[in-house]
Amino acid sequence: MLRWTKLMLFGVVPLTLMGAAILGVLKQSTAAEELPPTTVAAIPPSAPLDKLIVHEWGTFTTFSGSNGVHLDFRPLLDNELPGFVFDRASQSGHVNWFSKGRLRTRVRMETPVTYFYTDRERTVRAKVEFPKGLLTEFYPPVASMAPAFDEKLGLQGDGEPIGKGMLDWGEIDLYPISSLRTHVKDQKTAEWMAQHLAQSILPNADGNHYAAARNTDSALVHVRRERDTKQTGTPLVQRPTGEFIEKFLFYRGVGKFDVPVSVTNSTPDKFSVTNTGTEPLPRMIVLRVTGDQRSYAFVPDLDAGKSVDLPIPDRNVDWEPLRELVVTELIQTGLYPKEAQAMVDTWSTSWFTEEGLRLFYLVPQKVTDEILPLTITPQPDEQLRVMVGRVEIMSKSQETELLQAVALSAKARAEWQVQHSELSDEGKVDHPLLPVPSVFVKLGRFAEPALARVRTISSDNSVKNEIGMLLWQLQAEAAQAEELARTSAQIQ
């Protein structure tokens, strides 16, 4: 069971790595938060004796108004992926232009990575399904996917329909890093050479947060894609062919399903968390980021259907202690230390620096398996899936601030129109493109649902009209970025 509040000083995370700052954080816990010792997952053996071990981590991200309702939204801004990652278009032999900016969704499923551990070379099959979602990007390329890519739908309105998603990699060859060892007599040198060789044959992801997920002891994952001799017609780009290698299977997507938690905020100093699912939820963290300040609070274990009221976070914590806290707790879920570190390294900037109020919770593996069935054949000796849910929460005070910002924007637009009323009808601009208020720019990909939420709570028609203009501007900017990406892909 996840215990966000307990930091065990065990062998794999020695005291010297934890630092006095972590201990300072722990001393703020009350006696009621003292937890019994828990068993921490052991470091994986370098060669698990003829076993196949599969570990996976990823995230589900949602956006909630202060009333606890999760809102559908378009991810108008996205975390960049390396150019070698495939999407639905490029997998189907089209120009790689696909953008999730057209897809209105309730849940963003971000960077699930699937690691394999084996002491010998072996071949497995892997398939992941997403009944209530669409799997949008992945690597290596797959043998088949569903639904079939529809370029016309992808370019229209809200893009392709979301549902009945599937990726099938077919046969995958697994190579433990030890299989790359040279015949150099010195063991340390041979191991160093094997690690260096493994890194050198991976596609270049330098400078991208994607690369952090590689820092584990997992086996190399290799697929070979042959040219489809039965293919008819001449696509703009041939379907993926050749040799592809990585340290894991990667995929991500968007979905429309209910997450098992709801967060409401009706007063400036208090919020409420409810377990809306059918499985218990272990202790969670609520984090508030304001500028360079981070403060947090713990949410106690919640049985299905139960709620708890808590004060808004006010425990300040520094960057490194917060990272180490989360790494340690991820280890206690069963992830290996390097896997937990890789997950936190991948998401540190997004989790701990983006302004806002957010809840982190563990999705029970039973729920993950229902939402996102993963089939590995032959069946692994161990299969662990750790999905961290993230709920972005609009506080009551934030909604008020955003409402005021829209009202000021509407006033500025009206004043601009009055000032230019002397222009002829031919030259008059009815809807000047004023800058989007900075409070929405800071929200990034969550600006659209924030505007949608503000529109539902406002009774002022001028505010509602202004929100329509701002949404149009945001969507136009996203479409322009998509067009530039597509043009760039065509040139390349």
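Biologist: Of the 492 residues of the protein chain, what percentage count as buried?

Modeller: The share is 52%. Buried means under 20% relative accessible area, exposed over 50%, and partly exposed in between, with a 1.4 Å probe and protein chains only. This is a predicted model: local features need pLDDT of at least 70, side-chain atom pairs count only at pLDDT 80 or more, and totals for chains, interfaces and linings use all residues. Residues are numbered from 1 along each chain as its sequence is written, and side-chain values use heavy atoms, with hydrogens and water left out.

Biologist: How many helices and strands does the protein chain have?

Modeller: Start with the definition. Helices (H or I, at least four residues) and strands (E, at least two) are DSSP runs, numbered from the N terminus. The protein chain has eleven helices and 19 strands.

Biologist: How do I read a nonpolar core, and which residues have the most contacts inside the largest one?

Modeller: A nonpolar core is a set of buried Ala, Val, Leu, Ile, Met, Phe, Trp, Tyr and Cys residues joined through side-chain atoms within 4.5 Å. The largest here has 92 residues, and Trp169, Val273 and Leu359 have the most contacts inside it. Helix H6 (residues 337–353) gives the largest share of this core, seven residues. Apart from it lies another core, of 20 residues, including Val454 and Leu470.

Biologist: What does valine 273 touch?

Modeller: Contact means heavy atoms within 4.5 Å. Leave out residues up to four places away in sequence, and the partners of valine 273 include Val261, Met284, Leu302 and Leu359. For the whole protein chain, take contacts between residues at least 6 apart in sequence: 79% of them join residues at least 24 apart.

Biologist: Where is leucine 443?

Modeller: Leucine 443 sits in the loop between helix H9 (438–441) and helix H10 (447–457). At 13% relative accessibility, leucine 443 counts as buried. Its contacts, not counting residues up to four places away in sequence, are Gln398, Leu402 and Ala450. Leucine 443 and glutamate 355 are 88 residues apart in sequence, yet 7.3 Å apart in space, C-alpha to C-alpha.

Biologist: How many aromatic pairs does a search of the whole structure find?

Modeller: A pair of aromatic rings is described by the distance of the centres and the angle of the planes. Rings of Phe, Tyr and Trp (its six-membered ring) pair if their centres lie within 6.5 Å; planes under 30 degrees apart count as stacked, over 60 as edge-to-face and the rest as tilted. The search finds 16 aromatic pairs. In one of them, tyrosine 115 and phenylalanine 248 have ring centres 6.0 Å apart and planes at 85°, so the pair is edge-to-face. Tyrosine 115 lies in strand E3 (residues 107–117) and phenylalanine 248 in the loop between strand E9 (242–246) and strand E10 (249–255), so the pair ties together parts that are 133 residues apart in sequence. Tyrosine 115 and phenylalanine 248 are buried.

Biologist: Which residues do ring pairs link into a cluster?

Modeller: The cluster holds Phe84, Phe86, Tyr115, Tyr139, Tyr210, Phe244, Phe248 and Phe250.

Biologist: What is the strand order in the open sheet of ten strands?

Modeller: Two strands pair if DSSP finds at least two bridges between them. The order is E2-E5-E10-E3-E1-E19-E17-E13-E14-E16, with mixed pairing. Strand E2 (86–87) and strand E16 (315–316) stand at the edges, each with a single partner strand, so one side of each is left without a neighbour in the sheet. Inside the sheet, five bridges join strand E13 (residues 284–290) to strand E17 (residues 356–363), and the two run antiparallel. There, leucine 287 stands opposite arginine 358 in E17.

Biologist: Which way do the side chains point along strand E18?

Modeller: They alternate along E18 (residues 374–377). Strand E4 (residues 122–130) pairs with E18 in the antiparallel sense over four bridges. Alanine 126 stands opposite isoleucine 376 in E18.
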